[in-house]
Amino acid sequence: MKIFAILFTLLVSALAFADSIPDQRANRIWIADVIIISPENLDHIAKGSVLIENGRIARVERNAAARIPARAAVFDGKGQYLIPGLIDSHVHLASVPGMSFDQSEGKPEMVKAYFKQLPRSYLYFGYTTLVDLAVVDQQVLDGFRQAPLHPDLYDCGGSLPFANGYPMSFAPSAVRFKPFPNFIYDGKQADRIPPEYKPEDHTPAADVARVKSSGGICVKTYFERGFAKDRNLPVMGPDVLAEIRKAATQNGLVLMIHANGFEAQKFAVDGDVDVIAHGMWHWGELDKKTELPDEIRRLLDRIVEKKIGYQPTMQVLYGEVAYFDPEYLQMDAVTKVTPKEMLEWFNSPAGKWFGREINEEGAPDAAMLKDYQQNWLRRPQQVVAYLAGKDANFVFGTDTPSAPTYGNLPGLNGYLEMKQLQKAGMSLAQIFRAATINNAREFKMESQLGSIEPGKIANLVLMKKSPLETVDAYDSITTVWVHGKTVPRDSLAANSSR
Ligand SMILES: [Zn+2]
């Protein structure tokens with residue numbers, strides 16, 4: 001009897017001892033003493049603790065006195081704010097910021113270092129889930145998913161451009177079909193489509209079926225008449241969009257459309273798309289109106305009524321502005337997401353080639369900035385302000401990179417996008433919901449992501465400031481949890497010594 005008692009005591013103390021060893025590999029982590037900010041509970045923000053178990057959120061205690069669970073490694077988050085991992089539902093991982101395709105081919109070492117850092121840059125700014133809208137290079141996506149530490153990555157498979165339309169129009173006609181195996185055949189252009197492509201293989205139904213079988217969760221198509229040298233591109237009619245809509249619904253896929261003008265967004269709303277993947281910077285004949293015109297208000301009202309997901313993608317324009325803003329490359333945050341050699345190249349005359357392309361006439365920086373502010377930025381800002389006033393269904397997406405610009409760096413671009421959304425008139429709560437629960441709902445991942453609730457994936461972000469008090473909170477991150485794995489933010493930086 002006595003021996004049994006001694007053994008029992010030894011056993012208990014051994015267990016207690018095991019409990020006190022902090023173990024990063026422990027599959028039970030108790031994040032203690034944090035202020036929990038979760039989008040379904042914004043009226044009830046409380047101090048508490050969260051238990052992670054096997055990569056999932058197991059318990060959420062909104063009670064400062066909750067007891068530490070047995071055999072859990074304690075992570076002291078004292079006084080910091082815990083939010084769900086952020087979701088960016090509009091990225092293009094295979095495109096290298098600041099480089100044309102030929103330039104990236106010519107600098108393989110620089111590009112290799114960039115892709116190695118890529119998943120870490122997104123995590124550095126709290127992005128634990130991404131949606132790639134147009135798979136053009138499956139290898140890059142595979143490499144991303146195989147990285148030791150990376151955000152969850154979903155995609156829309158190969159996108160559905162209209163034959164010879166945007167964006168396949170960027171490539172010479174002889175080679176533009178191969179990279180877009182899901183292009184939509186147009187009988188009227190039969191003489192401009194190589195004979196090996198058969199109409200029956202390129203119907204909306206056949207294209208959407210290929211997206212589905214490739215594992216895509218969404219369908220991406222385009223309405224874009226073009227700009228600069230490529231105006232008057234062929235675009236689809238409502239009949240084609242209706243067929244895509246039908247096939248997307250049948251396959252349970254989210255329908256997204258590239259539409260950045262009044263005409264294009266009207267086409268999108270008439271066609272009942274799920275997500276409009278850009279803000280509205282072209283107003284057509286209304287471009288010069290300084291107030292938001294009634295015609296546009298009426299369209300925006302329909303976007304609100306239909307609860308269409310809206311991605312303002314302000315950084316598409318600011319990504320161009322970066323070349324005329326002497327402070328952009330000087331930001332400390334740039335060094336966190338850009339490998340050193342690449343940043344040196346961006347700062348060299350050769351690295352600024354894209355700025356010269358945007359500003360062909362060589363106007364002074366100040367004049368370029370003024371033009372953006374008075375026209376290109378003003379219009380989408382007015383649209384965002386109106387939609388924010390009606391609490392539209394904003395879904396957060398950055399379109400990183402939207403062009404070969406160094407003004408769209410991974411991770412950092414999301415932070416800058418949030419700043420621009422706030423400047424345009426969205427509230428901090430709207431921005432927070434857009435990047436968490438709204439995205440999760442829109443992409444049918446709500447049971448897994450988007451809030452801090454038991455059962456969801458333990459993708460979490462800890463920050464020093466409250467994202468409901470200042471947008472700067474999104475650059476005050478200290479720790480990120482990726483499927484329950486604790487990752488100190490500093491270790492994710494491109495210039496980290498760890
Ligand atoms: Zn895009």
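**Ground rules.** I number residues from 1 along each chain as its sequence is written, and side-chain values use heavy atoms, with hydrogens and water left out. As the model is predicted, local features need pLDDT of at least 70 and side-chain atom pairs count only at pLDDT 80 or more, while totals for chains, interfaces and linings use all residues.

**Entry 1: the three-strand sheet.** I looked up an open sheet of three strands, in the order E6-E7-E8, with parallel pairing. Helices (H or I, at least four residues) and strands (E, at least two) are DSSP runs, numbered from the N terminus. Two strands pair if DSSP finds at least two bridges between them. Strand E6 (86-91) and E8 are the edge strands, and each pairs on one side only. The twist averages 20° from one strand to the next. E6 runs parallel to strand E7 (residues 127-132), and four bridges join them. Leu86 stands opposite Tyr127 in E7.

Which helices lie across these strands? Helix H3 (residues 108-124) lies across E6 and E7, at about 120° to E7. Helix H4 (residues 138-146) lies across E7 and E8, at about 155° to E8. Axes here are lines fitted to C-alpha atoms, for helices over the stretch in contact, and angles run from 0 to 180 degrees between N-to-C directions. Contact means heavy atoms within 4.5 Å.

**Entry 2: the four-strand sheet.** Next I found an open sheet of four strands, E9-E10-E11-E12, with parallel pairing. E9 and strand E12 (309-310) stand at the edges with a single partner strand each, so one side of each has no neighbour in the sheet. Two bridges pair strand E11 (residues 275-276) with E12 in the parallel sense. Val275 stands opposite Gly309 in E12. Helix H6 (residues 238-250) packs on this sheet and touches E9 and strand E10 (254-258). The direction of H6 makes about 150° with that of E10.

**Entry 3: strand E5.** I then turned to strand E5 (residues 81-84). Tyr81 and Ile83 point one way from E5, Leu82 and Pro84 the other way, and all are buried. Buried means under 20% relative accessible area, exposed over 50%, partly exposed in between (1.4 Å probe, protein chains only). Strand E1 (residues 28-36) runs parallel to E5, joined by two bridges. Ile35 stands opposite Tyr81 in E5. E5 also pairs with strand E13 (residues 460-463), in the antiparallel sense over four bridges. There Tyr81 stands opposite Met463.

**Entry 4: H13 against H14.** The axes of helix H13 (residues 365-376) and helix H14 (residues 378-389) come within 5 Å and cross at roughly 35°. Tyr372, Gln373, Gln374, Asn375 and Trp376 in H13 meet Arg378, Arg379 and Pro380 in H14. Arg379 also lies over the face of Trp376, 4.9 Å from the ring centre. For a charge over a ring, NZ of Lys or CZ of Arg is within 6 Å of the ring centre and within 35 degrees of the ring normal. Arg489 lies over the face of Tyr124, at 3.8 Å.

**Entry 5: ring pairs.** How many aromatic pairs does the structure hold? I noted 21. Rings of Phe, Tyr and Trp (its six-membered ring) pair if their centres lie within 6.5 Å; planes under 30 degrees apart count as stacked, over 60 as edge-to-face and the rest as tilted. Tyr166 and Tyr222 are edge-to-face, 5.7 Å centre to centre, with 70° between the planes. Tyr166 is in the loop between strand E8 (152-155) and helix H5 (204-213), and Tyr222 is in strand E9 (residues 218-222), 56 residues apart. Tyr166 counts as buried at 15% relative accessibility, and Tyr222 is buried at 6%.

**Entry 6: backbone spots.** Most residues other than glycine have a negative phi, and most peptide bonds are trans. A cis peptide bond joins Tyr166 and Pro167, with omega about -5°. Another cis bond joins Thr400 and Pro401, with omega about -20°.

Is Asn54 buried or exposed? Asn54 counts as exposed at 57% relative accessibility, and its phi is positive, near 50°. Lys444 has a positive phi of about 60° and is exposed, with a relative accessible area of 55%.
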